[in-house]
Every structure is written in structure tokens, then in C-alpha cells.
Amino acid sequence: MSRVVLSIGSNLGDRLAHLQSVVDGLGDTLVAASRVYETDPWGGIQQEPFLNAVLIADDPARDSHAWLRRAQEFERAASREREKRWGPRTLDVDLVTCYQPSAAGRGDVLCNDSDLTLPHPMAHLRAFVMAPWLDVDPSAEMTLPGGTRPIAELLAELEPADRASVRLTSLTLDS
């Protein structure tokens, strides 16, 4: 496995510092970081807004499960607590998709085991994932059960209120 798309978010504590910790932790494997967006909470739980970004990282030595373990390490380092599904958190690091770029195109990893589902089963429904992903990769695509679809197309299909809930900030991540 080589390349991963990570969606990162925080709505507790120093939100920007939590996001920056992932950028710092990726080091030389970081390929690109989106701008930072503020997003209304998703999932129906009353809480503060999130800061969100998307990162692309590349490490030929990591497979999808190694990326998952790394994401969980970042969350533990930020004292992430899993009290409520879709509840507030210091840091959330989701693997959106993993793929192996090659001359023949890209080979997406499809995984559905007890630890990991790839591509992320709900990413195409979340404007807070797709808007920053387009920011960092305007030609991004995602493999879904019906085939590969452009992220721009998937984002355009969401409700206008969902898209409006994702707002570009002046904050940046130092890469």
C-alpha cells in the first residue's frame, strides 16, 4: 500500500493544534494538506463546531491496516475518548481511501473486515470530507459500489444545507 486519504477533525480543546499534530506526525510521508474548514456537527448530537481538513500521505511500507493503526495512535496521543458515536472529540482521524498509484492508474484497496472498511462507507455523504478533499485534489475520485465517481460530482449531489455547513477558514496547517 502506498497512498492514503485521511479526514481529520476536532471540536474539543485546541482544535487547530490537534489537526496540526497529525500533520507533524506524518512528517515526510505527507504529500498534501487541505485548507482548514469549520463544520457544523454531523450526526444529530448537540456540540461545538469542528475544524476539518484532508491530508494525503504516501508510504510504500504501510498497508491499509498499518495506516489504521497510525490513525489510532494520533487519536490516542490527543486523548481521544469514544463516549458517544458522532460525539465531541479532541481528534478524529478517518481513513477515507487507500490506493496504490501505478502507470496503469490507481488500484483502490477494498476492505470490509471487523477493523476497517475501505473506502470509508460514509465519506461520500459528508461534505466535511469531500470539500477539503477537493481542495487538496480537484480531480479526486472515490470507488463506490456502483463504480468510481468524481468527488466534485458526489459533493454537488448533497443537499445545499450540507454543503453550506462546511465553511473555509483563514486557519492553515503548517506542512
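In the predicted model, His18 touches Ser10, Leu12, Gly13, Ala78, Thr90 and Leu91, when residues up to four places away in sequence are not counted. The side chain of His18 also reaches the backbone oxygen of Leu12, at 3.4 Å. With a relative accessibility of 16%, His18 counts as buried, because the cut-off for burial is under 20%. The residue is found in helix α1.

Helix α1 comprises residues 15-26. Its 12 residues reach 18 Å from the first C-alpha to the last, close to the 16 Å expected at 1.5 Å a residue. Besides His18, the buried residues of α1 are Leu19, Gln20, Val22, Val23 and Leu26. An α-helix has 3.6 residues a turn, so residues three or four places apart point the same way. Just after α1, Gly27 takes a positive phi of about 55 degrees.

Helix α2, which spans residues 64-77, has 14 residues. From its first C-alpha to its last, α2 reaches 20 Å, close to the 20 Å expected at 1.5 Å a residue. At the start of this helix, a side-chain oxygen of Asp63 reaches to within 3.2 Å of the backbone nitrogen of His65. Buried positions in α2 are Ser64, Ala66, Trp67, Leu68, Arg70, Ala71, Phe74 and Glu75. The helix is followed by Ser79, whose phi is positive, near 60 degrees.

The two helices α1 and α2 also meet each other. Their axes come within 10 Å and cross at roughly 135 degrees. An angle over 145 degrees would count as roughly antiparallel, and one of 65 to 115 degrees as roughly perpendicular; α1 and α2 are therefore oblique to each other. The crossing in which α1 passes α2 is right-handed. On the α1 side, Ser21, Val22, Gly25 and Leu26 take part, and they meet Trp67, Arg70 and Phe74 in α2. Among these residues, Val22 and Leu26 are buried in α1, and Trp67, Arg70 and Phe74 are buried in α2.

Helix α3, formed by residues 127-136, is mostly covered, with 9 of its 10 residues buried. The buried residues are Ala127, Phe128, Val129, Met130, Ala131, Pro132, Trp133, Leu134 and Val136. Val129, whose place is in α3, has a relative accessible area of 3% and is therefore buried. Leaving out residues up to four places away in sequence, Val129 touches Ser7, Val54, Val96 and Ala123. The C-alpha atoms of Val129 and Ile8 are separated by 8.5 Å, although these two residues are 121 residues apart along the chain.

Polar contacts between side chains were found around Arg149. This residue lies in strand β10, which runs over residues 147-150. At 24% relative accessibility, Arg149 counts as partly exposed. A polar contact of 2.7 Å joins its side chain to that of Glu153, and another, of 2.3 Å, links the side chains of Arg149 and Glu157. Once neighbours within four places in sequence are set aside, Arg149 is in contact with Ala140, Glu141, Met142, Leu144, Leu154 and Glu157. The C-alpha atom of Arg149 is separated by 9.6 Å from that of His124, and 25 residues along the chain lie between the positions of the pair.

Glu153, the partner of Arg149 in the 2.7 Å polar contact, has its place in helix α4, made of residues 151-156. Its relative accessible area is 36%, so Glu153 is partly exposed. The C-alpha atoms of Glu153 and Glu141 are 9.2 Å from each other, and the two residues are 12 residues apart along the chain. Glu141 is also one of the residues in contact with Arg149.

Taken as a whole, the protein chain has 5 helices and 11 strands. Of its 175 residues, 48% count as buried. Among the contacts in the chain with a separation of 6 or more, 68% are made by residues 24 or more positions apart.

Technical notes:
Residues are numbered from 1 along each chain as its sequence is written. This is a predicted model: local features need pLDDT of at least 70, side-chain atom pairs count only at pLDDT 80 or more; totals for chains, interfaces and linings use all residues. Side-chain values use heavy atoms; hydrogens and water are left out. Helices (H or I, at least four residues) and strands (E, at least two) are DSSP runs, numbered from the N terminus. Buried means under 20% relative accessible area, exposed over 50%, partly exposed in between (1.4 Å probe, protein chains only). A polar contact is a pair of N or O atoms within 3.5 Å; within protein, one must be able to donate a hydrogen and the other to accept it, and residues adjacent in sequence count only if both atoms are side-chain atoms. The expected span of a helix is 1.5 Å times one less than its number of residues. Axes are lines fitted to C-alpha atoms, for helices over the stretch in contact, and angles run from 0 to 180 degrees between N-to-C directions. Angles under 35 degrees count as roughly parallel, over 145 as roughly antiparallel, 65 to 115 as roughly perpendicular and the rest as oblique. A crossing is left-handed if the near helix is turned anticlockwise from the far one by less than a right angle, and right-handed if clockwise. Contact means heavy atoms within 4.5 Å.
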